[in-house]
Amino acid sequence: MEYIVEKIGMSRTITVPSQAVTLLRVLESKVCEVNEGIAIVSYNSGKKMNKTIEGQQKKYNLSSEFNRFATLEVANTEAGDLDLTPLADAKVLRSTFTTKGRGFAGVMKRWNFGGGPASHGHRMGRRTGSIGNAEWPGRVMKGKKMPGHYGNVQNSVKNEIVSFDAENNIIAVSGSVSGANGSLGRVKVAK
């Protein structure tokens with residue numbers, strides 16, 4: 001079963017020893033249409049509105065706040081509110097979020113290179129260093145670790161569920177989850 005969630009942030013439990021947890025809030029969602037366990041689900045995200053969204057809202061009889069649609073694997077057999085009962089029994093979640101984008105980054109930040117000496121007239125500093133070879137192969141090999149775009153990619157991680165607050169729809173999972181606080185992602189019940 002899959003759910004659209006918002007990352008609230010990190011905290012820790014009050015047990016001894018304490019445990020680092022990430023808090024995820026399950027967004028209020030409406031199941032619009034179900035076909036063999038796969039459903040079209042609508043949820044609220046921002047103020048985006050266009051004729052396509054308005055048409056979908058009219059087709060599925062939704063209020064104006066439900067302005068985003070996703071295809072998820074759900075426990076529901078018919079349209080209505082999203083069924084959260086599988087989360088109460090779940091032990092492990094697979095969370096998929098987009099990592100924080102860091103833009104164009106150098107090799108020290110992106111690949112953890114050591115860099116050159118920082119004193120006594122050295123000009124190397126934080127630069128890459130040698131990247132080529134001699135006459136053969138006469139080019140830079142594919143996959144060479146170089147400066148470039150870093151972050152802003154999808155990342156999935158498995159976490160154990162520490163607790164699930166059914167009243168407020170908040171899941172506490174052990175460890176960290178990729179992405180910035182407030183970002184939206186998906187969780188899937190793995191166990």
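**Strand pairing, seen closely**

Guide: Strand β4, which covers residues 38–43, pairs with β5 in the antiparallel sense, and six bridges are found between the two. Within that pairing, Ile40 stands opposite Thr71 of β5. This is a predicted model, and the positions described here should be read with that in mind. The two strands belong to an open sheet of four strands, ordered β5-β4-β3-β6, in which the pairing is antiparallel. Its edges are formed by β5 (68–73) and by β6 (80–81), each of which pairs on one side only. In general, the strands of a sheet pair through backbone hydrogen bonds, in either a parallel or an antiparallel way.

A further set of pairings involves strand β10, residues 154–165, which pairs with strand β7, residues 92–98, in the antiparallel sense over seven bridges.

Turning to the whole chain, the protein has three helices and 12 strands. Among its contacts between residues at least 6 apart in sequence, 65% join residues at least 24 apart. The radius of gyration is 23 Å, whereas a compact globule of 191 residues would have a value near 16 Å. The C-alpha atoms, taken along the principal axes, fill a box of roughly 70 × 50 × 30 Å. Buried residues make up 30% of the 191 residues, and the accessible surface comes to about 12,400 Å², with 48% of that area belonging to carbon and sulfur atoms. As for charge, the protein carries 27 positive and 16 negative charges, and the mean positions of these two groups lie 18 Å apart.

Technical notes
Residues numbered from 1 in each chain as written. Predicted model: local features only at pLDDT ≥ 70, side-chain atom pairs only at ≥ 80, totals over all residues. Heavy atoms only, no water. Pairing = 2+ DSSP bridges. Rg over C-alpha atoms; globule rule 2.2 N^0.38 Å. Buried < 20%, exposed > 50% of the residue type's maximum accessible area, 1.4 Å probe, protein only. Contact = heavy atoms within 4.5 Å. Areas by Shrake-Rupley, 256 points an atom, 1.4 Å probe, with all protein chains shown as cover. Lys, Arg positive; Asp, Glu negative; His and termini not counted. Charge placed at Lys NZ, Arg CZ, Asp CG, Glu CD.
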